[in-house]
Amino acid sequence: MIKIENLSHAYAKQRVLDDVNLHILKNERCALVGRNGAGKSTMIHTMLGLIPLQVGSITLGGISNKKQDWKKVVSYLPEKFNLYPHLTGEENIRFFASLASKKLDEESIDEKLKLVSLHEARKDQITTYSKGMLQRLGLAIMLYYDSDIIILDEPTSGLDPVGRKEILAIIKSLTNKTIMMASHHLNEIEEVCTHVAYLEKGKITKYSIEEFLSVDLKERQQA
Ligand SMILES: Nc1ncnc2c1ncn2[C@@H]1O[C@H](COP(=O)(O)OP(=O)(O)OP(=O)(O)O)[C@@H](O)[C@H]1O
């Protein structure tokens with residue numbers, strides 16, 4: 001589903017990604033792990049075409065990321081995103097849904113709001129929402145696009161334990177999606193991910209979650 005081959009990226013003289021190869025198969029949930037500055041954002045942004053591809057190739061759902069079509073198979077939820085504060089939860093999802101298609105799929109909007117437990121609060125202005133509710137609304141908007149591949153950048157960043165648990169439960173329920181999720185939290189990786197892509201010194205090693213949890217603790221603490 002996600003195929004990265006011989007990907008290298010450098011800023012000025014600093015080589016951040018060095019001949020990276022990574023295959024994420026259908027319905028795998030793969031954490032992207034690495035210390036601050038390891039190159040996680042560089043990799044995600046290159047995959048999404050937000051920064052130009054220097055060396056290598058990336059295919060998403062079988063489509064080269066050089067073509068525009070790949071956008072139909074991938075949804076991305078950045079760590080920080082902007083919603084419209086003067087609108088309700090439902091109006092926000094409707095607004096973003098209208099960017100995807102002219103005819104709104106009301107049933108799907110309803111279903112996504114239920115999935116993220118915001119159906120009751122859908123008519124409330126989002127200025128009254130907690131951080132966790134806003135993050136769940138972001139997930140609902142992203143899920144409206146119904147892409148096979150989902151890329152999440154630190155989806156529980158800044159949330160309290162309850163908010164974190166709610167987000168993780170939603171991600172875990174997405175069993176028919178292929179997910180790549182940048183994360184620094186070993187407990188959440190253990191809870192929701194099937195695999196780990198460990199980025200260190202420009203190289204990636206992919207582990208099954210069981211393998212990753214059994215590798216040297218010192219190595220894991222660097223995540
Ligand atoms: N636009 C840029 N110009 C120059 N150097 C950059 C640029 N963006 C990132 N870097 C450098 O590239 C390296 C990798 O950065 P990147 O943001 O990809 O890492 P990261 O793993 O996402 O880090 P974090 O966990 O802190 O978000 C860092 O040393 C960073 O300073």
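Student: How many salt bridges does the structure hold?

Tutor: This is a predicted model. Side chains of opposite charge can pair when their charged atoms come close. Counted over the structure, the salt bridges number nine.

Student: Which residue forms a salt bridge with Lys203, and which strand holds that residue?

Tutor: The closest N and O atoms of the pair are 3.6 Å apart, and the partner of Lys203 is Asp18. The pair links distant parts of the chain, 185 residues apart. Lys203 lies in strand 10 (residues 203–208), and Asp18 lies in strand 2 (residues 14–24).

Student: Are Lys203 and Asp18 buried or partly exposed?

Tutor: Buried means under 20% relative accessible area. Lys203 has 39% relative accessibility, and Asp18 has 24%. Lys203 therefore counts as partly exposed, and Asp18 likewise counts as partly exposed.

Student: Which residues are linked with Asp18 in a network of salt bridges?

Tutor: Lys203 forms a salt bridge with Asp18. The network that includes this aspartate also takes in an arginine. The residues linked with Asp18 are Lys203 and Arg15.

Student: Which helices does the salt bridge of Glu106 and Arg94 link?

Tutor: The closest N and O atoms of Glu106 and Arg94 are 2.9 Å apart. Glu106 is partly exposed at 38% relative accessible area, and Arg94 is partly exposed at 29%. The two residues are 12 residues apart in the chain, with Glu106 in helix 3 and Arg94 in helix 2 (residues 89–100).

Student: Why does Lys112 count as buried?

Tutor: Lys112 is found in helix 3 (residues 106–115). Leaving aside neighbours within four places in sequence, Lys112 is in contact with Ile93, Ala140, Leu143 and Tyr144. The cut-off for buried is under 20% relative accessible area. Lys112 counts as buried because its relative accessibility is 8%.

Student: Which residues of helix 1 are buried?

Tutor: Helix 1 (residues 40–47) is mostly covered, with six of its eight residues buried. Just after helix 1, Gly49 takes a positive phi of about 75°. The buried residues of helix 1 are Lys40, Thr42, Met43, Ile44, Thr46 and Met47.

Student: How much area do domain 1 and domain 2 bury between them?

Tutor: The domain assignment gives domain 1 as 2–73 + 148–221 and domain 2 as 86–146. The contact takes 12 residues from domain 1 and 10 residues from domain 2. Of the area buried between the domains, 71% is on carbon and sulfur atoms, and the total is about 990 Å².

Student: Which three residues supply more of the area that domain 1 buries against domain 2 than any other three?

Tutor: The three together supply 38% of the area that domain 1 buries against domain 2. They are Leu159, Ile167 and Ile170.

Student: How many salt bridges does the rule find across the interface of domain 1 and domain 2?

Tutor: Residue pairs in polar contact between the domains number three. The salt bridges found across the interface number two.

Student: Which element supplies the largest share of the side of domain 1 that touches domain 2?

Tutor: The residues of this side divide into seven nonpolar, two polar and three charged. Strand 7 (149–153) and helix 5 (161–173) each supply at least two residues. The largest share, four residues, comes from helix 5.

Methods. Residues numbered from 1 in each chain as written. Predicted model: local features only at pLDDT ≥ 70, side-chain atom pairs only at ≥ 80, totals over all residues. Heavy atoms only, no water. Domains from an automatic or database assignment. Contact = heavy atoms within 4.5 Å. Buried area = accessible area lost by both parts, 1.4 Å probe. Salt bridge = Lys/Arg side-chain N within 4 Å of Asp/Glu carboxyl O. Polar contact = N/O pair within 3.5 Å; in protein donor to acceptor, adjacent residues only side chain to side chain. Nonpolar A, V, L, I, M, F, W, Y, C, P; charged D, E, K, R; others polar. Buried < 20%, exposed > 50% of the residue type's maximum accessible area, 1.4 Å probe, protein only.
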